[in-house]
Amino acid sequence: MAFLEITDATKKFGGFLAINAVTFCVERGARHAIIGPNGAGKTTLFNLISGLILPTTGSITLEGKRLAKKKPHEIVQIGMARSFQKVNVFPRKTAFENVQVALIASRKLQYNPFRGAAELFRDEIMELLEQVKLGADSERRAGELAHGKQKQLELAVALAAEPKILLLDEPTAGMSIAETLSSIALIRDIVQERGITLLFTEHDMNVVFEIASTISVLHHGEIIATGLPQEIRVNDDVQRIYLGRE
Amino acid sequence: MTNRSQLAFLALLFLILLAVPFMGSRYLTELTVQVMIFSLLALSLNILVGHIGLVSFGHAAFFAIGGYATAFFLSRWQLPLGIAMPMAVLLASIFALMIGALCVRLKAIYFAMLTLAFSMLVWGIIIKWKPVTGGDDGFVGIALPQFLSSPQNFYWFTLAVVSISTALMWVLSKSTMGQIFVAIRENETRANFLGVNVRQMQLIGFVLAALFAAVAGSLMSMYLRGMYPQSAFWTQSGHIVISVLLGGVHSFVGPILGASLLYLLEVTIHQYTQYWPLVMGLILIIVVLVLPEGLIGLFRKLYTSVRRE
């Protein structure tokens, strides 16, 4: 049994088949990339896996546990964290508080109206912020941070949940080349060090080949190939459809 | 405002309130009782508006339920205060649990409209259920316990209940639960994807807000020696929303300022003209147009500009 299994997942929006009978597995410890042209259905696939939308048919399991009918917060509790393509932080809270909220939620302290939050988990929070290179920005409001830093903050927030698997939707979207490079290095180091399985989408092929251990290619809502980076690079279908070579 | 300055403000306010009965004016003492009750009511709504980010237009329903239930338990069942008041608050909380469970499924304006609808339902029941509520005439003549019959003692009792409630809400606002409430206000989706059951937390907030509103209602019914259907009418709910907005939703003490000012203005202006709603409308327009952060926001601006000079 694979770690994350997506079997025959289909999603229809009205008459439009956004995801068509998608089947693939993510192995434990893999760094699995989903690539495909704009509109291929990458984000929809992520939304299906993380429970934001329900699949029309098909099943999704994590370590054998069915995810397809579960609510997003239940899926997080099973051990999946995700980031969003558009930056998604708590803008008026400081970087420190953003991570703190994540820790409160993962320790289920949201039901306690008496436990003071002020300095709670300070060491842990600072360690996480240091790890994503935001130690100096801990007291700044998340909404005021530069775009690249907000993405790093999202990473720290996702890590705070101590996930078994991390879903990153376009982790380098909107970043400069320099930011992209340091971001990739950061993500790769962190998932390796923590032994987290990574599933990500990415439009930048350099990033994909830099990080991924496995790549699946999505086209018109269907997986047309899955394999090692070197296999995908030379796959004829992929070259024709995705890389635009005839 | 920082936590420290808010606490300093609350401490100062408490000291002033301790002194009020010794100033020798019965009118002032009675007025202050009402101001304290309306402040508590505004604070309770701010759990929803300020922390969770849900605007309820039916908050008065729980104020009214708390008030009528206290009146009923004290007078008809002749229960002691120590049982009647907690039972009234519990009853209002149970209503809040049922009403809230339906309301939190909706967002923003739809949530506001549904809370409005439910509160009008409560109002309708109060009007029609004469044997229990007294209908149009209100529930008149509450049998108060002996020790609360003097205005002085009632003042101390109100001060104690309001202070304890305020302290509890302060602790809540600084707690891990409070942090999650604010996270939901800031970004519901993100909170959800951190493993927070957003609907459930909103419901918890809804019930807590109703609980403190019921405490305020209970005090009000005892102060008035009766409870009246207007207390559940939608204008009463609107009044609380305006108090909170006037004071400022993003600080703890804002609603206290808003509720106090609004009530004192109402009392004062009523002495000169019957057109109080006209003045209240003007206040609302000013708040919406130039004071989006309420009085607290205004003070903050003044403070920073004074410091700059």
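Start where the chains meet: select the 21 residues from chain B and the 30 residues from chain A that make up the contact. Two residues are in contact here if their C-beta atoms, placed from the backbone, lie within 7 Å. Before you go on, note that this is a predicted model, in which local features need pLDDT of at least 70 and side-chain atom pairs count only at pLDDT 80 or more, while totals for chains, interfaces and linings use all residues. Residues are numbered from 1 along each chain as its sequence is written, and chains are lettered from A and ligands numbered from 1 in the order in which they are written.

Stay on chain B's side of the contact. Pick out α7 (151-173), α8 (176-186) and α9 (188-192) of chain B, each of which gives at least two residues to the side that touches chain A. Helices (H or I, at least four residues) and strands (E, at least two) are DSSP runs, numbered from the N terminus. Which helix gives the largest share of that side? Colour α8(B): seven residues come from there. Colour by class next, and the side of chain B that touches chain A shows nine nonpolar, nine polar and three charged residues. For those classes, Ala, Val, Leu, Ile, Met, Phe, Trp, Tyr, Cys and Pro count as nonpolar, Asp, Glu, Lys and Arg as charged, and the others, Gly among them, as polar.

Now show the whole of chain B. You'll find 14 helices and two strands. Its radius of gyration is 19 Å, close to the 19 Å that the globule rule gives for 309 residues, so chain B is as compact as a globular protein of that length. That radius is taken over C-alpha atoms, and the rule is 2.2 Å times the number of residues to the power 0.38. Along its principal axes, the C-alpha trace of chain B spans about 55 × 45 × 35 Å.

Zoom in on B:Gln78, in the loop between α3 (60-75) and α4 (81-103) of chain B. This residue has a positive phi of about 50°, although it is not a glycine. Is B:Gln78 buried or exposed? It counts as exposed, with 9 C-beta neighbours inside 10 Å. The cut-offs: buried is 20 or more other C-beta atoms within 10 Å of the residue's own, exposed is 12 or fewer, and partly exposed lies in between, with C-beta atoms placed from the backbone.

Switch to chain A, which has nine helices and 10 strands. Select its open sheet of six strands, running in the order β6-β7-β8-β3-β9-β10 (chain A) with mixed pairing. Strands pair if DSSP finds at least two bridges between them. At the edges stand β6 (80-82) and β10 (222-227) of chain A, each with a single partner strand, so one side of each has no neighbour in the sheet.

Look at β9 (residues 214-219) of chain A beside β10(A): they pair in the antiparallel sense over five bridges. There, A:Val217 stands opposite A:Ala225 in β10(A).

Last stop: A:Phe121, in the loop between α3 (95-106) and α4 (122-131) of chain A. Its phi is near 65°, a positive value in a residue other than glycine. A:Phe121 is buried, with 20 other C-beta atoms within 10 Å.
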